[in-house]
Amino acid sequence: MQTKTVKICDIRDSDAVASLKEAAEIIKNGGLVVFPTETVYGLGADGTSPNAAKSIYAAKGRPSDNPLIIHIASPEDAEKYTFTNEMYYKLAASFMPGPLTVVLKAKSSVALETRAGLDTVAVRCPVNSVAHELIRLSGVPIAAPSANLSGSPSPTCASHVISDMNGRVDMIIDGGESEIGLESTIVKIEDDGALTLLRPGGITVEELKDICPNIKIADAVLAALKEGEAVLSPGMKYKHYAPTAPMYLIDAADDKRFEYVKNERKNAAAICFLDEMEKYSEILPKESVFCIGERNDLKSQAHLLFSVLRNTDRGHFDLIYAPMPIKEGIGLALYNRMIRAAAHRIIKL
Ligand code: TXA
Ligand code: MG
């Protein structure tokens, strides 16, 4: 398939208006468009069409039992596709548009293929202006997983998307770097109005607690699934975000982590904080040291993580060492992605 790539800097530019109209036509006709959002890039198609949903799974190489999020232009549009409730509108008032996804009971207007046969569907209203305009012009809910090949880190800029999706989709919209860099927070609203956190993201647990103190964190967010354990969110059971070389998180004080990496004899890469770059560059070749941002700036670490993981793939390393993230604020989302990227390999010193 021939993929057309367009760049949009400002949705008011006349070229951008024409490109967005073209993209919306592709969606309406059952095609695939990769578009930017504030979290990561999405691989979009018409969420009401069984065939469009099927082509998403095919393009991504994703198992079709892992449901898709539908993206809507305004929180009220959820009425057309889900059974909303009071808690949904409380969350929407605080966090929509933005990086929050809410799982609700689905209406039959959402294709079964989109929700992988479940009776629930995940909805999200992105704040990114390109995403918003594309959804609005399409007039349908846009089903969109992250626009990476299944198993790879989610794409946070057009070059990631092009390397994974060129030739697999009709159009790629380059909207620059994703602001947040990690996927949305996903919560399920239970029948009694309580929340279950299925995936941490840009909206933190602390922020959610202000709206709903009754929030439980699903076991799979922090730990590996036990053999045969049921999952609340199908995506939790799949391998995720994995760089090619095996990654290890080192749970230790910074100096101990450094000593450990220093004594490594294999062709190792090290992910470290900005203030550690110099000393790691003295024990490893420069190309083997990757900066994850400033130690105390969790937002910038979230923004950089997926690029760093992709960049390590260029080096053909035997293994990768990384520090253990803290679990506060957006750190919980970093921790969740990094333990998956490391397939739960943690070295405790
Ligand atoms: O930030 C994001 O959420 C990005 C952008 C493109 O919006 N999308 C994204 O989609 O990360 P995806 O498909 O990569 O991850 C969606 C996760 C999957 O783990 C899936 O299992 C879960 O959401 N999910 C979707 N529908 C669900 C449902 N009805 N119940 C429970 N989990 C659901
Ligand atoms: Mg994904």
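## Exercises on helix packing and backbone geometry

In the loop that joins α4 to β6 sits P97, where helices (H or I, at least four residues) and strands (E, at least two) are DSSP runs, numbered from the N terminus. The model is predicted, with local features requiring pLDDT of at least 70 and side-chain atom pairs counting only at pLDDT 80 or more, while totals for chains, interfaces and linings use all residues. Residues are numbered from 1 along each chain as its sequence is written, chains are lettered from A and ligands numbered from 1 in the order in which they are written, and side-chain values use heavy atoms, with hydrogens and water left out.

**Exercise 1.** Determine which residues of helix α4 are buried, and what they pack against.

*Solution.* Step one is to list the buried residues (buried means under 20% relative accessible area, exposed over 50%, partly exposed in between, with a 1.4 Å probe and protein chains only): in α4, residues 86–95, they are M87, Y88, L91, A92 and F95. Step two is to look down the axis: these residues cover an arc of only 135°, which puts them on the same side of α4, the arc being that of the directions from the helix axis to the C-beta atoms. Step three turns to the face of α4 directed away from the buried side, where E86 and A93 are exposed. Step four identifies the packing partners of the buried residues by contact (heavy atoms within 4.5 Å), and these are α3 (78–81), β6 (100–106), β7 (120–124), β10 (185–189), β11 (195–199) and α7 (205–211).

**Exercise 2.** Carry out the analysis for helix α2, residues 50–60, and state which of its residues are buried.

*Solution.* The buried residues of α2 are A52, A53, I56, Y57, A59 and K60. Seen down the axis of α2, they fall within an arc of 165°, so they line one face of the helix. On the other side of α2, N51 and A58 are exposed. The elements covering the buried residues include β3 (42–46), β8 (142–143) and α6 (158–165). Just after α2 comes G61, which takes a positive phi of about 70°.

**Exercise 3.** For the pair α11 and α12, and then for the pair α1 and α5, find how the helix axes cross.

*Solution.* For α11 (residues 298–312) and α12 (residues 331–341), the axes come within 9 Å and cross at roughly 20°; axes are lines fitted to C-alpha atoms, for helices over the stretch in contact, and angles run from 0 to 180 degrees between N-to-C directions. That angle makes α11 roughly parallel to α12, since angles under 35 degrees count as roughly parallel, over 145 as roughly antiparallel, 65 to 115 as roughly perpendicular and the rest as oblique. The contact is made by L298, Q301, A302, L305, F306 and L309 of α11 and by G331, L334, R337, M338 and A341 of α12. The crossing of α11 and α12 is left-handed, a label that applies if the near helix is turned anticlockwise from the far one by less than a right angle, with right-handed for clockwise.

For α1 (residues 14–28) and α5 (residues 129–138), the axes come within 8 Å and cross at roughly 55°. That makes α1 oblique to α5. The residues in contact are L20, K21, A23, A24, I27 and K28 of α1, together with V130, E133, L134, L137 and S138 of α5. The crossing of α1 and α5 is right-handed.
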